[in-house]
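Dear colleague,

Please find below the structure for your review. My notes on it follow directly after.

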Amino acid sequence: METIFFVADETSRLDDLLRKKLPPYFGGDVPVSNSKIRRLIVAGAVFSDGVQRRIPAYTVKKGSRIEVKIDRGKFFYEKQNDDISFELSKQSILYEDDFLIIVDKPAFFLTEPTIAGKRDNMHDAVIAWLWKKNPSLRNKPYAGIMHRLDRTTSGVLLFTKQRSVNARIHELFENGGVRKIYRALAAKPFAPPEAYFSVESRIGKLGGSGMWGEVADGRGRFARTDFTVLGECTRDGKKLLRIEARPITGRTHQIRIHLASSGMPIFGDERYGGEKAERLFLHAYSISFAHPVSGDMLTVCAKLPEGF
């Protein structure tokens, strides 16, 4: 790990400034992509006048002292696909009836297909399971994707089995009728947080790189997460906090961004400044909502994975 210092010679956006200033430190002819610059900022590695800045669009004033903490090996490393092989079985089905199927998604497994090549995913796995149960079907079974989990996040994932209930489920998600609880292991900050705390911000996409983060100037969408500190633990010699997260809104990477912005990045979440670990320690623990047909309250839980 090294620290790079320089003084801003003009007023500009933080990401634009780093794109201009960093290449000379790497020999001048080494390309520094927009996505790498944004990732560096969002991970909390950049400081302006001693203050950590996580928003790429932050305006740096001329004369500001910029500090960048960087690991060259990690910065130029291109991560390879480490998807696991997985076939849905009865053991991973948490709930199923004629209208819904709720499964326990493992980490390192996609929720749905991507446009970048053929990769195994939970949507295809659910369809394969339904077809295996009903091999006489002429057409492929239906599985509706109602929400998503990051590839590296494990836990409860809901699909519909009939299109007739999609509108009702969508309405529940939109109007706060679905309550989700996550569990995470997060870095222990120097100043311990309150036992109960909330984070509110606006979250948006940072350019076209697929990166998300807190944005300024009224852009992005409002996001709120309520947190409870459940206790402390140690993993791989690191002192961590056991956190329960209850997202009130459902923005991309919301819990990850909110914990990182509070100085408590999730263990294993290197994208947002977390320590390296064998996995991202974020797990969708439970989901609760009124059944779209019966109206009965349904709560489904996925136990914590081994080693969590």
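Predicted model: local features only at pLDDT ≥ 70, side-chain atom pairs only at ≥ 80, totals over all residues.

Residues are numbered from 1 along each chain as its sequence is written, and side-chain values use heavy atoms, with hydrogens and water left out.

An open sheet of 4 strands runs in the order S1-S6-S3-S4 with antiparallel pairing (strands are DSSP runs of E, at least two residues, and helices of H or I, at least four, numbered from the N terminus; two strands pair if DSSP finds at least two bridges between them). Strands S1 (2–7) and S4 (51–52) each have a single partner strand, so one side of each lacks a neighbour in the sheet. Strand S3 (residues 46–48) is joined to S4 by 2 bridges, and Phe 47 stands opposite Gln 52 in S4.

The whole structure contains 4 aromatic pairs (rings of Phe, Tyr and Trp, the last by its six-membered ring, with centres within 6.5 Å; planes under 30 degrees apart count as stacked, over 60 as edge-to-face and the rest as tilted). Phe 197 and Phe 227 have ring centres 5.0 Å apart and planes at 20°, so this pair is stacked. Phe 197 belongs to strand S12 (residues 196–205) and Phe 227 to strand S14 (residues 221–235), so the pair ties together parts 30 residues apart in sequence.

Yours sincerely
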